[in-house]
Amino acid sequence: MTSPDAIQAAVDRLADALATRVPCAPVRDLIGTDDLDAAYAVQQGLVRRRLALGARVVGRKIGATSKAVQDQLGVDQPDFGYLLDEMDVSAQHPVSMRRLVQPRVEAEVAFRLARDIDAPEDEITVALVRDAVDVALPALEIVDSRIADWAITFSDTVADNASSGLYVVGSSGLPLSEVEPRDVEMSLSVNDEVRSSGTGAACLGDPLEALRWLAVQAARYGDPLRAGHLVLSGALGPFVPFAPGDRVVATISGFAPLAVEFEE
């Protein structure tokens with residue numbers, strides 16, 4: 001069992017890397033690779049530190065939902081992290097990279113919740129989470145790792161708030177009566193060159209299944225999903241690197257294209 005001192009040391013290491021933008025060593029030397037509760041305890045410690053500085057929780061993100069991203073990260077299961085208001089750069093034009101360390105970008109379907117998902121685990125079904133969704137939206141997640149060279153194991157990425165960075169979400173959503181998330185097709189271009197593609201089915205078979213998985217995990221950890229929360233359901237294809245000056249466009253069928261430009 002991982003000691004509280006080791007968990008705190010991991011929080012300090014990752015928080016320092018976030019503040020300085022200098023990548024750090026993996027934290028698996030402190031929390032191991034198999035203690036999932038310890039990894040999420042580190043994540044919670046990092047989030048609490050940011051909340052103490054004035055940030056607010058506005059939702060969750062699901063990571064490593066597609067086989068392509070699992071292969072890129074060297075993991076074999078999904079994880080989740082928190083979305084904070086300070087991570088939302090949807091209104092920035094262009095998006096500043098000044099808080100990022102070694103970012104990548106991926107396209108996905110996001111969900112805005114109309115009601116809480118707070119039920120016993122065995123009652124959380126795809127039908128229940130579908131009913132809780134207000135609208136689906138196109139999103140770009142700018143994933144990032146505080147771990148040097150992205151040399152992570154599953155415990156490292158969980159501890160590092162699921163390798164989250166920033167996000168951009170479209171302003172116009174669709175009710176699920178008008179779009180079926182598992183059927184969408186995605187294309188992601190950087191400077192007009194297609195760099196990633198995929199489908200809704202690449203995200204755990206259905207982005208709504210990813211939402212159901214997250215709702216179960218959130219209930220298990222005692223922090224259920226709430227009305228108004230935004231959920232980034234996971235990449236529909238591989239994430240890709242980008243640089244200052246690049247223009248990234250995500251095209252997800254049914255939605256208007258989502259375009260962002262980056263600057264240092």
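Predicted model: local features only at pLDDT ≥ 70, side-chain atom pairs only at ≥ 80, totals over all residues.

I began with strand β4 (residues 104-113), which pairs with β5 in the antiparallel sense over 10 bridges. Strands here are DSSP runs of E with at least two residues, helices are runs of H or I with at least four, and both are numbered from the N terminus. I count two strands as paired if DSSP finds at least two bridges between them. One bridge I looked up joins E108 to A139 in β5.

Residues are numbered from 1 along each chain as its sequence is written, and side-chain values use heavy atoms, with hydrogens and water left out.

Next, the other partner of β5: strand β6 (residues 166-169) pairs with β5 in the antiparallel sense over four bridges. There, L140 stands opposite V168.

How many residues of strand β5 (residues 133-143) are buried? I got 10 of the 11, so β5 is largely enclosed by the rest of the structure. Buried means under 20% relative accessible area, exposed over 50%, and partly exposed in between (1.4 Å probe, protein chains only).

L140 turned up again in the largest nonpolar core, which has 77 residues; L140, L188, L211 and L225 have the most contacts inside it. Helix α7 (residues 207-220) gives the most to this core, with eight residues. A second, separate core of 15 residues includes A55, A110, L137 and L232. A nonpolar core is a set of buried Ala, Val, Leu, Ile, Met, Phe, Trp, Tyr and Cys residues joined through side-chain atoms within 4.5 Å.

Then helix α1. Its buried residues are A6, I7, A10, V11, L14, A15 and A17. Seen down the axis, they fall within an arc of 170° (taken from the directions from the helix axis to the C-beta atoms), so they line one face of α1. The face turned away from that side carries the exposed residues P4, D5 and A19. Among what covers the buried residues are α2 (28-31), α3 (36-52) and α6 (154-159), with contact meaning heavy atoms within 4.5 Å.

Last, D156 in helix α6. Is D156 buried or exposed? D156 is buried, with a relative accessible area of 0%. Its side chain reaches the backbone nitrogen of V27 at 2.8 Å.

Notes: Arc of directions from axis to C-beta. Polar contact = N/O pair within 3.5 Å; in protein donor to acceptor, adjacent residues only side chain to side chain.
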